Amino acid sequence: MEYLNEGYEWVIDIDIEQFFDNVNHDKLIQILREQVNDSTTLNLIRKYLKARVMEKGLERATTSGVPQGGLCRVQKVNALIEPKNTGCISA
């Protein structure tokens, strides 16, 4: 009721299941580059994103997705969910 009393008229229900699995690395770095003016930091983030993962005892390269529970997760998500940043999630 509080939101109705404040004049809100829309309700948006978002299901972010597998959200972190579909983050486009290049788009994320592009968005972060607008906010972070330090190439060393950006390179470190890119290396972190490109780190190989192990599934069922086998290593594989990552081309998309953000490690869940990672150190930078909150900052990366905040950069992605800004209203101006559309198209950063691949279907």
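Helices here are DSSP runs of at least four residues, numbered from the N terminus. With that in hand, we can walk through this structure, which is a predicted model.

Let's start with the overall layout. The chain has four helices and two strands, and from the N terminus on they follow the order α-α-α-β-β-α. Of its 91 residues, 23% count as buried.

Now look at the stretch between the opening helices. Ile14 sits in the loop that runs between helix 1 (2-5) and helix 2 (25-35). Its relative accessibility is 62%, and because exposed means over 50%, Ile14 counts as exposed.

From the surface, let's turn to the inside. The largest nonpolar core is built from ten residues, among them Phe19, Phe20, Val23 and Val66. Helix 2 and helix 3 (39-50) are the elements that give two or more residues to this core.

Which residues of helix 3 are buried? They are Leu42, Ile45 and Leu49. Viewed down the helix axis, these buried residues fall within an arc of 60 degrees, so they line one face of helix 3. The face of helix 3 turned away from the buried side carries exposed residues, namely Ser39, Thr40, Leu44 and Lys47. Leu42, Ile45 and Leu49 also belong to the ten-residue core.

Finally, let's look at the charged side chains. Side chains of opposite charge can pair when their charged atoms come close. A search of the whole structure finds three salt bridges. One of them joins Asp26 and Arg46, at 3.2 Å from N to O. Asp26 lies in helix 2 and Arg46 in helix 3, so this pair ties together parts that are 20 residues apart in sequence. Arg46 itself is partly exposed, with a relative accessible area of 25%.

Another salt bridge links Arg52 with Glu59 at 3.0 Å, N to O, and Glu59 is exposed, with a relative accessible area of 51%. Glu55 and Arg60 also meet in a salt bridge, at 2.9 Å from N to O. Both partners are partly exposed: Glu55 has a relative accessible area of 43%, and Arg60 has one of 38%.

Notes. Residues numbered from 1 in each chain as written. Predicted model: local features only at pLDDT ≥ 70, side-chain atom pairs only at ≥ 80, totals over all residues. Heavy atoms only, no water. Buried < 20%, exposed > 50% of the residue type's maximum accessible area, 1.4 Å probe, protein only. Core = buried A, V, L, I, M, F, W, Y, C linked by side-chain atoms within 4.5 Å. Arc of directions from axis to C-beta. Salt bridge = Lys/Arg side-chain N within 4 Å of Asp/Glu carboxyl O.
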